[in-house]
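Colleague: Please walk me through this model one step at a time. I am new to reading structures.

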Amino acid sequence: MSERIRVLDELGIELDRAARRRLASRRRRVGAPRRLSLAAMIVVLLVLAAAAAAAVFISSGSPLPAPRAQDLESGGIPLPSTVHLAGLDVADPEAGAPRWDLRLSRSSSGETCTAVGQVLDGQFGIVGLDHVFRVLPLGGVDVCGFAAPGGPVLAGARVFSGSSPMEARTVVNGVAGAGTRSVTAYGPEGARELPLGPDGSFLAVYRGYVEDIRPRVVIVTGRGTTRTVSFAQSSAFEAPDPQGGAPWQISGGPDIEPGAYPDENCVQANRVMDHSNPFFGDTAEAPEICGRLATSPLFVMMRRFVPGDGEGSGFPWATTLPARSSTEPRRRA
Amino acid sequence: MDDADAFSELYQREGEAVLVFLTRRTLDVEVALELTAETFAIALTSWRKLSGLADEQRRAWLFTVAARRFGRYLRRASVERRLVARLGIAIPCAGADDIALIEQRAGLGELRTAVGRELSLLSSEQQRALHLRVVEERPYDEVAATLGVSEQAARARVSRGLRALARTLEPYRAAGEGSS
C-alpha cells in the first residue's frame, strides 16, 4: 500500500466540511418547497405577509456598550449636545424592516462625525443577524472628518453582513456639505437622486455586498462643481451586467501555449465574483480568443451565449445563466 | 450516497492526480496545492452540473478546470483563491515529508533537470527575461525597462522562452500523467 500524503488528506477534510455545509444548505433551499403541500404554502405565505407588514420578528435587546473613553482620541469624541439624527428616513429594501438614518454629531476638535443605523420606536440602533434591535451608544461613530474645500466632508459605504447575501446591506452615506445642490447614487438599478438632510447629508441602502453593487455617488456642490466618489471599484476592465449584479471583467496576456506565435495574445471575459449567485462556480467564463497583435493591431470577437450551450467545449454555458452577448476586443498597446 | 459524499468520493479518487498534474506544471508543491484547492472549490460550487456527468466526463471537466487555473496562474503570476476563501476552506501547509513525497510522485527531480538543461540552451536575453518575469514576478513594463527593450519585445522574449520550456517538458508531462 502506497504512503498517504498527509496534506492531501487534510485538504480532503476541509473540502468535505465545505461540501457538507454547502450541499446540505442547497438541498434545503432547492428541495424544501417541492415538499410543501398547498395548505402549507398558504400558511407560509400568510406568515410571511404578516412578518413583512409588522416586522414582528424584530425584538429589542440590551443597548450596545459605548466605546471605552481611553480607546478614543480626545478630539474624536462627539459632543453630546451636538448629536442629532439627519431625518433621512430611508426605507430598507425589505418591506417592514426598520428604516435607516444617519446620526450626525460634532467632535470637540470640530470634526463632523456620522453613524449609520436604523430607527425603531424612536430609538437609533441596528438590527443584528439575530433579528434583535439594539440601541447604538451615543458616543459611537463610524467616521469623523473635516470639511474639504470644494468637496464632500464625508462619503463612505458601510456594509452590514447578512446570513445570506440578499440579507447583507450596503449603506452609502455621507455629508456633502451645506449648500450641496444634489447627490445622485448609482447602483445596480440605475441612478437614484437622494434627498438631502442637514449639511447635505445623504444615505442610500442597497441589498447585497459593496463589491457586488459597486456603487458611486455624484455630488454637485453649491458652486456647481461635480465630484464622483466610487466604492469597491476595480481597476480591471469591467462592463456592467445588463441585469445588474456582478459586472464582467476582461483579462489578457500573451499566449503561452505550445505552437503559439510570439505576438499572439489572448483575452478572456469572466464574471466577477458574485455574492448573490450561490452557484458562482457554474458560470461564467467565456472561451479565450487569441490574435496576433503584430499583424493585426486590433481583434474583436462577438459571441452569443445561450443557456445550455457548449457542452463538451470546456466552457458550457449553464442552463441557470441567462443568455448574453459579449464583445471581447484586444488591441496593440 | 448524498451529494456531499459523492463530492468527497470524487476528491478521494482524483485529488492526488490533480495535485500531481499541477505540481508537474508549476514545479512548486505549495502553489500546486493552492491550485488544487481552488479547482475542487470550483467543482464544489459547480456540483449541480457535475453531479449529472459520468465519471470520465467529471474527470475531464476537473482537469480542464485545473489546466485553466494553471494558465491563469501563469498569466497573473499569482494564485486565485476566491472560491477557497468564500467557502471558508483553510489550505493546510505541506510539511517537508509531504513535499518530498509529492515531488517524488510527480517526478519533479527529472523535470527540474530537464528545465535546467533547456533553460541553459535559451539565449541569455530570454533567460534574463524569464528570470525577471517568472522568478522576480516583475510586471512587463519593468521587465522591458530593465532589459532596455519595448514592452512588446519583453513579452515576446518571455513568451518564446516559456514555449521552448513547455515543448521540452511536454514528453515528461505526458509520460508522468500517462501512468497516473
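Modeller: Let's start with a term: helices (H or I, at least four residues) and strands (E, at least two) are DSSP runs, numbered from the N terminus. This is a predicted model, where local features need pLDDT of at least 70 and side-chain atom pairs count only at pLDDT 80 or more, while totals for chains, interfaces and linings use all residues. Residues are numbered from 1 along each chain as its sequence is written, and chains are lettered from A and ligands numbered from 1 in the order in which they are written.

Colleague: How do the elements of chain B run from the N terminus on?

Modeller: Chain A has three helices and 20 strands. Chain B, in turn, has 10 helices and zero strands. Its elements therefore read, by that definition of helices and strands, in this order: α-α-α-α-α-α-α-α-α-α.

Colleague: How many of the 17 residues of α2(B) are buried?

Modeller: A residue is buried if 20 or more other C-beta atoms, placed from the backbone, lie within 10 Å of its own. For chain B as a whole, 41% of the 180 residues count as buried. Helix α2(B) is largely enclosed by the rest of the structure, because its buried residues number 15 of 17.

Colleague: Which residues does Ala41(B) contact, leaving aside its neighbours within four places in sequence?

Modeller: Two residues are in contact if their C-beta atoms, placed from the backbone, lie within 7 Å. With those neighbours left aside, Ala41(B) has as its partners Leu83(B), Val84(B), Leu87(B) and Ile89(B).

Colleague: At roughly what angle do the axes of α1 and α6 of chain B cross?

Modeller: Axes are lines fitted to C-alpha atoms, for helices over the stretch in contact, and angles run from 0 to 180 degrees between N-to-C directions. Here the axes of α1(B) (residues 3–26) and α6(B) (residues 96–106) come within 9 Å. Angles of 65 to 115 degrees count as roughly perpendicular, and α1(B) is roughly perpendicular to α6(B). The two axes cross at roughly 80°.

Definitions and conventions
Parallel < 35°, antiparallel > 145°, perpendicular 65-115°, else oblique. Buried ≥ 20, exposed ≤ 12 C-beta atoms within 10 Å, placed from the backbone.
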